[in-house]
Amino acid sequence: MTLEAIQANITTLDVDAIVNAANSSLLGGGGVDGAIHRAAGPDLVHECRLLGGCKTGQAKITRGYRLIARHIIHTVGPVWRGGTHGEPELLRACYDESLHLANKHGLSSIAFPCISTGIYGYPLDLAAHIAVTAARDFAVRDTSLNHIVFCCFSIQDQQLYEHILKAP
Ligand code: AR6
């Protein structure tokens with residue numbers, strides 16, 4: 001299993017699944033969600049309408065449509081409200097549920113954006129530690145996945161992830 005931090009637009013990645021930091025409607029929005037819906041094309045929202053939304057901390061899978069990625073795993077991160085409203089557990093659940101879904105579908109590669117750290121305001125360093133811990137915990141299991149990518153939108157975000165990934 002390889003864990004890697006890169007700086008990229010997640011919509012350009014050639015992986016089995018990219019993860020979308022969606023909202024509970026699953027019908028699109030701003031940030032990475034908007035970018036993914038624009039790049040995947042209008043058929044994506046048609047499939048999303050059939051899913052009946054998604055609760056915070058849960059994940060649902062669709063096809064990738066016009067993306068190079070074969071699938072999109074939509075998860076809904078918590079809105080940061082100071083950290084004492086279950087945000088860490090809910091963010092961890094986003095990673096766990098997404099990895100679980102990827103494994104269930106026999107996927108080998110997955111790329112995550114920095115869930116909740118944009119519009120939802122989750123502090124990046126706290127979020128990145130949760131993301132890396134969840135991936136490391138999953139990596140020791142028997143899974144179809146062999147490549148987990150943390151796709152950062154900025155160089156600064158990527159550098160933070162690399163720092164965390166270097167620590168044992
Ligand atoms: N590729 C990779 N990362 C990106 C991209 C991209 N194309 N665009 C933005 N990011 P956000 P959230 C990064 O706000 O905080 C939406 O309206 C961004 O720099 O997209 O979970 C949804 O519908 C940040 O690091 O997601 C929800 O309503 C990270 O993606 C709400 O925003 C997440 O930022 C979700 O908020």
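By class, the lining of the largest pocket comprises 14 nonpolar, 9 polar and 2 charged residues. The model described here is predicted. This pocket holds about 540 Å³ of space, and a total of 25 residues line it. Of these lining residues, A21, G31, V32, D33 and G118 lie nearest the centre of the pocket. Three elements, namely β2, α1 and β6 (147-152), each supply at least two residues of the lining. The element that gives the most to the lining is α1, with 4 residues.

The largest pocket is the space taken by the ligand. The shell is made up of 20 residues, among which N23, G30, V32, D33 and I119 come nearest to the ligand. When the shell is sorted by class, 10 residues are nonpolar, 8 are polar and 2 are charged.

For V32, a backbone N or O atom is placed 2.7 Å from an oxygen atom of the ligand. V32 is also one of the residues that come nearest to the ligand and one of those nearest the centre of the largest pocket. In I119, a polar backbone atom is 2.8 Å from an oxygen atom of the ligand. For Y120, a backbone N or O atom lies 3.0 Å from a ligand oxygen atom. On its own, the ligand has 710 Å² of accessible area, of which the protein covers 90%.

Backbone atoms of V32, I119 and Y120 are placed at the stated distances from ligand oxygen.

Notes:
Residues are numbered from 1 along each chain as its sequence is written. This is a predicted model: local features need pLDDT of at least 70, side-chain atom pairs count only at pLDDT 80 or more; totals for chains, interfaces and linings use all residues. Side-chain values use heavy atoms; hydrogens and water are left out. A residue is near a molecule or strand if one of its heavy atoms lies within 4 Å of it. A polar contact is a pair of N or O atoms within 3.5 Å; within protein, one must be able to donate a hydrogen and the other to accept it, and residues adjacent in sequence count only if both atoms are side-chain atoms. Accessible areas come from the Shrake-Rupley method with a 1.4 Å probe; for residues, only the protein chains shown count as cover. On a 1 Å grid over the protein atoms alone, a cavity is a set of points where a 1.4 Å probe fits but cannot get out, and a pocket is an open set with protein on both sides within 12 Å along at least five of seven lines; lining residues have an atom within 4 Å of a point. A molecule sits in a cavity or pocket if more than half of its atoms lie within 2 Å of its grid points. Ala, Val, Leu, Ile, Met, Phe, Trp, Tyr, Cys and Pro count as nonpolar, Asp, Glu, Lys and Arg as charged, and the others, Gly among them, as polar. Grid points are joined across faces, edges and corners, and a volume is the space filled by probe spheres set on the points.
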